[in-house]
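These are my notes from one sitting with the structure.

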Amino acid sequence: MKLLEVNGLDVFYGKAQALRGVSFTVQEGEFASVIGSNGAGKTTLFNAISGLLPYQGEIGFAGQKLPSKPHEIVQSGLIHCPEGRSLFAYLSVLDNLQLGAYRRKDREIERDLRVVFELFPRLEERERQLVHTLSGGEQQMVAIGRALMGRPRLLLLDEPTLGLAPIVRSHISQALDAIQERYRMTILLAEQNADFAFKHSKRIYLLETGQIVREGTAEELKRDDYIRQAYLGS
Amino acid sequence: MILHRRGRTRSYPIAVLLLLLLIASALVPQFFPKNSFLLSVLILANIWAILAMSWDILSGYAGQISFGHSFFFGLGGYTTAFLSVLYGWSPILVIALGGVVAALGGLLIAAPALRLRGPYLSLMTLVAALALDRLLRLLKPEIGIPGAEGAILCIPQCLLTYNTALKYYYSLGLMILIAGALYTLARSRIGLAFEAIRDDEEAAQAAGINTAKYKTLAFAISGFVAGVSGAFYVYHIGSASPSSLLDLEHSIEVIVAAVLGGMGTIIGPIFGAYFLVLVREYLRFLGGWRFFVLFAVALLVLFFVPRGVLPELRLKLRQWLQSGSGQRRNQKV
Amino acid sequence: MLILGFLISSLYALVAVGFTMIFGVAGVLNLAHGAFVMVGAYLAIWAFVILKWSLPVAFAFAILGVAVIAPLVYRVLIRPIENRTVTVFLATLLLAVLLEQVIILFFSAKPRTDLPPFIQGGFVLWGTSIPYNRLLAGVVALVVIGLLWAFVTRTKTGKAILALSMDRRGAALVGIASHRITLWVWAISGALAAIAGLFITSFLGIQPFEERVSLVIAFSTVVLGGLGSIPGSLWAAFIIGYAETIAQAFAPEARGLASLVILLIVLTIRPQGLFGRAAT
């Protein structure tokens, strides 16, 4: 079943067009990636989907039209873990995580908090610490944890490993595997690092200067000459 | 970065309109020779127009919103009062020196202001005006009116002329001279640099504009012009006092005038100032209501016509003329 | 004087915290904040002197009144133009002078001293006579600040306010509806301003242009404390409060001047304030 369906998306910054007719779908339960170099429009795409930017075109989510305001989008189960994290720097780790569940009224918030702490034990050790005192890797864990606290049907993850040390990157990578296996969560990842994207995802879209220029399963695209030369470096 | 240079398409109808207004204002004393109240009000309007234009070059063009323009007005005014009482120099020299002292005041403010942005800067200018007010109230009344705090009476030394009509022409001439100079400046490379700083200071800097230099220049120019208006004001009323020169209301009124007429247009604030002064002086029977009306109108303009009335009218007029000529052409075909 | 300084400082803190909250959350420097202080005082005078309501009812009416007016101002005036910083800045300035005129039209520009102290009498402590009313003002201000602190650090809405002031995008992405929270913040800010206005008026009286003094004090306080920082404002409020108290002991007409001097020093030496975070 199609969970996310983006159709003919155009985004303008003033007169400059940042996205041109972007269309793609994400199936329920799938791990998909949008890859592309810096400035290709990945972050713009995610910001448009999560309601931070005005756009033209259609976005369907779980068979319905996606609402337009960010808080309604969060309510419908589409959660965006943004590039640059946008954490609440002067609040504690615990407050940040709990704010992730801001829209929820169910009784399983505590249980989800346990889940996040299982994924990232380091956060439990530092739950009282203010977020701005954490290392970059720990902050990224808080960002992912905060998104998970919203109990996403679809998680948008924008460059989760950008600027992190290799060891932290593999830690995050393992956590993504765990999320995927255990919770069968639908994830859409945006990555510059194509190797990382190919490692995790079933389906890949390649974005260049605001347009989708290649799409297919990871297996198919691994054999694509252009992608091999320009993005996989092998 | 985009430096949006204004289109060079001259709008002749507007130029013609301005010329007609100019001729009309030149003829006012001919038509109302007995009405010295009207002339007095129009002199005030010209002074306020100069002050509003000086605000516009600093705040409307260079984007450094000043809340304390009475600081420059007061510096110019007091310099005039002092010099004319102490030395009795000629008015032209004294008025120019009033401008120079206020320009120096501008440099004085610019020094700390260069480190400040947005609201901090506005606050700084406000503080400067309040501080000057307090300082002047400490003046000993030796050369002034005994008993009045910091007031200087300089009649007859700083009386330009007893002929109100002549004084009106002086004020009109000065206003037009300054309007022409500032208008030209605003269209020059300097004006472009000011606009670039207003629109995006980082980008302007990245584009190689020496923002510190241009901001300092904006303060000096604006200070000079405001100082000149303050100097002329003292020649008009024949005295200088903190309450007449440094009233916070002046600083608010110039903002109102610029907002009404159109910030960043130089010519717009002239109309705003005329409207303001005419309402203020002619609707005195309304008491406090006239200020209520003025501020309410300014707020509505800010809200609904954020570019100001003059630019909006100009746009409408141009559209109307274009559509009119378009129709005529169609009829011929 | 030590105690009086402390009591007046806590009132300044109320004004300053409201001012800084609006800046922190909405990015708006509300130049009409002093006017909110004034409107609160005049609403109480209207209710007590003209409508002859009892004092507690008049106080409650004034606080509620400003708590309703402030979010209305945001909704009607500020929100449609909130992306244009300069326009908002000028709009709040014009609103402030407009409110002054409204008050002058209804009450004239004369000082009003007919809002009586909430409680009469006083006592003498270490040679200083302390009216009960001032003591009450200090206690109320501290309690209100304490409650506010508990509200923003303990409740969900309070945390959403803090979150919004720290990262707007992050707040949007966890589903915080910024406009609704901002309405709350304006309401709280207005209520705090009104409470301060009531007490200040009950000891000093009020006149329409006085609102500028309140604004300058609030502005100085938050600049000293660092714009947008609530703990910063609290500390700064006490510094400014003491400076004002000491200055007034020597020259009563200097109200507002001490804060100006401090402000000037801070602006030139450390524009981000004592507790300011580098860039906002």
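The model is a predicted one. In chain A I found an open sheet of 4 strands, in the order E2-E1-E4-E5, with antiparallel pairing. I then asked which strands stand at the edges. They are E2 (16-27) and E5 (64-65) of chain A; each has a single partner strand, so one side of each is left without a neighbour in the sheet.

Next I looked up the helix on this sheet. Helix H1 of chain A, residues 42-49, packs on the sheet and touches E1, E2 and E4 of chain A. The direction of H1 makes about 115 degrees with that of E1(A).

I also checked how E1 and E4 of chain A are joined. Strand E1 (residues 2-13) and strand E4 (residues 56-61) run antiparallel, with 5 bridges between them. For one residue I noted its position across the pair: Leu4(A) has Phe61(A) of E4(A) opposite.

Entry 2, which chains touch. I counted 2 pairs of chains in contact, and chains B and C share the most contacts. Chain A and chain B do not touch, and their nearest C-alpha atoms lie 12 Å apart.

On the chain A side 26 residues are in contact, and they meet 18 residues of chain C. The two chains bury about 1,900 Å² between them, with 64% of that on carbon and sulfur atoms. Which residues of chain A lose the most area to chain C? I noted Phe88(A), Tyr90(A) and Tyr102(A), which together make up 33% of what the chain A side buries.

I looked for salt bridges between chain A and chain C and the count is 1. The side chains of Asp95(A) and Lys159(C) form a salt bridge, at 2.7 Å from N to O.

Helix H2 (70-75) and helix H3 (93-100) of chain A are the elements that give two or more residues to the side touching chain C. Of the elements, H3(A) gives the most, with 4 residues. Sorting the residues on that side of chain A by type, I get 12 nonpolar, 8 polar and 6 charged.

Key: Residues are numbered from 1 along each chain as its sequence is written. Chains are lettered from A and ligands numbered from 1 in the order in which they are written. This is a predicted model: local features need pLDDT of at least 70, side-chain atom pairs count only at pLDDT 80 or more; totals for chains, interfaces and linings use all residues. Side-chain values use heavy atoms; hydrogens and water are left out. Two strands pair if DSSP finds at least two bridges between them. Contact means heavy atoms within 4.5 Å. Axes are lines fitted to C-alpha atoms, for helices over the stretch in contact, and angles run from 0 to 180 degrees between N-to-C directions. Buried area is the accessible area (1.4 Å probe) that two parts lose on being put together, summed over both. A salt bridge is a side-chain nitrogen of Lys or Arg within 4 Å of a carboxyl oxygen of Asp or Glu. Ala, Val, Leu, Ile, Met, Phe, Trp, Tyr, Cys and Pro count as nonpolar, Asp, Glu, Lys and Arg as charged, and the others, Gly among them, as polar.
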